[in-house]
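The following exercises are to be worked with the sequence and the coordinates at hand. Each task is followed by a solution in steps.

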Amino acid sequence: MSVARPAPAPAPEPVSPDPPAAPPHPLLTQSWLDLAFLHWAVDPADVAPLLPPGTVPDTFDGTTYVGLVAFRMHRVGWLGLPGVPYLGTFPETNVRLYSVDEHGRRGVVFRSLDASRLIPVVVARTAFRLPYVWSRMGIERSGDTLTYTSSRRFPGPRGARSRIVLRAGGVIEEPKPLEHFLTARWALHSGFFGRTLYLPNVHPRWPLHRAELLECDEDLVAAGGLPAPAGDPISVLYSPGVPVRFGRPPARRP
């Protein structure tokens, strides 16, 4: 008597710096501006328990990464309505991991998203079950030098913080494959009432710049349940930003 074997999981979709087709009726619109991308290599075994069901660590040459990404969220809007200038505009710093699901779709998984506006934090936590937290935050610019600061208010761990200072450099004409892997992400995966939510997004190809990290003092990565980074990040990038559209979750696949 033969025993049916489960079908093998599909190979991950290719990493593409160019976006998929734009959603015809976006769920959310926003812009991400003045981004600092910091990344450290991390053991996939440390990441796997932190991912939602049905996803595994996405790897590049056998290694996965944790990202600390600081930026300005600008004019979040719902259902095609104009973006909100005050409540929809605020600094944000997130800790993110890299995932691939059982359908081969690549994405990011957020361990935390610090933001300075309380109402958007409450809405995101309630509507999408995303781990937003309310923090005191600031972004200052002096010439090509940007300073991003964050200190957590609620929920905890209260006082978890980050301070990133970088100097933006020249445009990267041909990003390396790893730089595409770390930045060209067209969806997020998130636990959502016992299942895994897949939320697609589109935006123009990232305009990426080299960047010099002048200072990094943070404990957000460790607060997200990961080993504290040892040493300098292996990748430091800057982007002036992109406009973004989030589509609706696709129908559940069998």
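**Exercise 1: The setting of E179**

E179 is placed in helix α3, which spans residues 177-183. The model is a predicted one. Determine whether E179 is buried or exposed, and identify what E179 touches.

Solution. 
- Step 1. The relative accessibility of E179 is 7%. Buried means under 20% relative accessible area, so E179 counts as buried.
- Step 2. A polar atom of the E179 side chain lies 2.8 Å from the backbone nitrogen of K176.
- Step 3. When residues up to four places away in sequence are not counted, E179 touches I172, R210 and L237.

**Exercise 2: The nonpolar cores**

Identify which residues of the largest nonpolar core touch the most other members, and state which residues Y132 contacts.

Solution. 
- Step 1. The largest nonpolar core has 34 residues, of which W32 and Y132 touch the most other members.
- Step 2. The most is given to this core by strand β3 (residues 64-78), which supplies five residues.
- Step 3. Apart from this core lies another, of 25 residues, including V42, L51, I164 and A168.
- Step 4. With neighbours within four places in sequence left aside, Y132 is in contact with M73, E92, L113, A115, V121, A124, R125 and P155.

Technical notes:
Residues are numbered from 1 along each chain as its sequence is written. This is a predicted model: local features need pLDDT of at least 70, side-chain atom pairs count only at pLDDT 80 or more; totals for chains, interfaces and linings use all residues. Side-chain values use heavy atoms; hydrogens and water are left out. Helices (H or I, at least four residues) and strands (E, at least two) are DSSP runs, numbered from the N terminus. Buried means under 20% relative accessible area, exposed over 50%, partly exposed in between (1.4 Å probe, protein chains only). A polar contact is a pair of N or O atoms within 3.5 Å; within protein, one must be able to donate a hydrogen and the other to accept it, and residues adjacent in sequence count only if both atoms are side-chain atoms. Contact means heavy atoms within 4.5 Å. A nonpolar core is a set of buried Ala, Val, Leu, Ile, Met, Phe, Trp, Tyr and Cys residues joined through side-chain atoms within 4.5 Å.
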